[in-house]
Every structure is written in structure tokens, then in C-alpha cells.
Amino acid sequence: MHPPGAAGIAEAIHQGRHSDPAAGSHPVGCGVAGRLIIHADELAQMWKVLSLPTDLFNSVMNVGRFTEEIEWLKFLALACSSLGVTIAKTLKIVCEVLSSDHDSGPPRIPFSTFQFLYTYIAEVDGEISASHVSRMLNYIEQEVIGPDGLIKVNDFTQNPRVRLE
């Protein structure tokens, strides 16, 4: 269960992430449309249009030490970390937001994306050793990930041998 208001933030992030300015799928055409880098001003405008809390935006910007050009996945991870109490829950939310298979099974993302996000969130958190992160990623890659190279939410939330914290 997400904290109060978290579902709205996650859904707004999700809608903003997948909107395509050219297609006009959002009233003002905001979104990142698959870009890896987004400018701070554009992201602030998108945040405002989605009616998300300004203090949360400022907090994410400060924690991430973001400047003018922002790596979208890092920003998304930190925004979702405000919703998830744990790293596993944060990664679950990010996976749900990024998954393109909303109607065809459980949310899943490329393992390489998961690896990037987990490493980044653990680094920002500062309480998880790099060796623990490496062990978990090696285990997941060797024992969990199938030939499609995708990780499902259950692979890291329901597997007793995977402890991300």
C-alpha cells in the first residue's frame, strides 16, 4: 500500500512519462517521450501541469543534486522513492511506471535498466554497501533473469533470496 496521495503521484508520473508531445496525448503535450535527458525548466513545467506538490519537486531536485540537464531515470527513481518506503517498493513503483506491458502480464523492464536504477537508488540511500548491491545484481542476473533479459516485479519482491535493502 502506498502512502496517501502516492497513487496519484505515481499515476501522474506514469501519464507524463508516456505522453507524446507530437501526439497531443496530454492537454499541454508534456512528457519526456522516451528521452534520456530532460531540461529542468521543462520538467518543472510538466510537474506543475500534473498538479504535483512543488515541495516534492524541490526535494527531488535537491537530493539528486540536479542542475539544468536531468537524467530522466534518476529523477523518476528519486520521485518514486518519495512514495516507496523501501528500495524494493521504490523499484516496484518505477518498474510499474516504466513497463510497457500494462495489459499483457506483470510489469517488467530490461534488467540493464533495473541494474542502473537499483545501483543509483542504493548509492543515494547510502546505507547499502556496494558489495551487497553487486551480490544481489549478480544473483538476479545469473539465477532469475530469463532469456528475454527482463525483470518482473515479483522477481525482486517475492523471491526470498533477493534482499535489496
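Colleague: Is H132 buried or exposed?
Modeller: This is a predicted model. H132 sits in helix 7, residues 130-144. Its relative accessibility is 14%, and the limit for buried is under 20%, so H132 counts as buried.

Colleague: Which residue has its backbone oxygen 2.6 Å from a polar atom of the H132 side chain?
Modeller: Leaving out residues up to four places away in sequence, H132 touches Y118, R163, L164 and E165. The backbone oxygen that lies 2.6 Å from a polar atom of the side chain of H132 belongs to R163.

Colleague: Is D148 buried or exposed?
Modeller: D148 lies in the loop between helix 7 and strand 4 (150-152). Its relative accessible area is 52%, and exposed means over 50%. D148 is therefore exposed.

Colleague: How far is the backbone nitrogen of L150 from a polar atom of the D148 side chain?
Modeller: The loop holding D148 runs between helix 7 and strand 4 (150-152). A polar atom of the D148 side chain and the backbone nitrogen of L150 are separated by 3.0 Å.

Colleague: What is the orientation of helix 3 to helix 4?
Modeller: The axes of helix 3 (residues 54-63) and helix 4 (residues 72-81) come within 9 Å and cross at roughly 125°. That angle makes helix 3, relative to helix 4, oblique.

Note on methods:
Residues are numbered from 1 along each chain as its sequence is written. This is a predicted model: local features need pLDDT of at least 70, side-chain atom pairs count only at pLDDT 80 or more; totals for chains, interfaces and linings use all residues. Side-chain values use heavy atoms; hydrogens and water are left out. Axes are lines fitted to C-alpha atoms, for helices over the stretch in contact, and angles run from 0 to 180 degrees between N-to-C directions. Helices (H or I, at least four residues) and strands (E, at least two) are DSSP runs, numbered from the N terminus. Angles under 35 degrees count as roughly parallel, over 145 as roughly antiparallel, 65 to 115 as roughly perpendicular and the rest as oblique. Buried means under 20% relative accessible area, exposed over 50%, partly exposed in between (1.4 Å probe, protein chains only). A polar contact is a pair of N or O atoms within 3.5 Å; within protein, one must be able to donate a hydrogen and the other to accept it, and residues adjacent in sequence count only if both atoms are side-chain atoms. Contact means heavy atoms within 4.5 Å.
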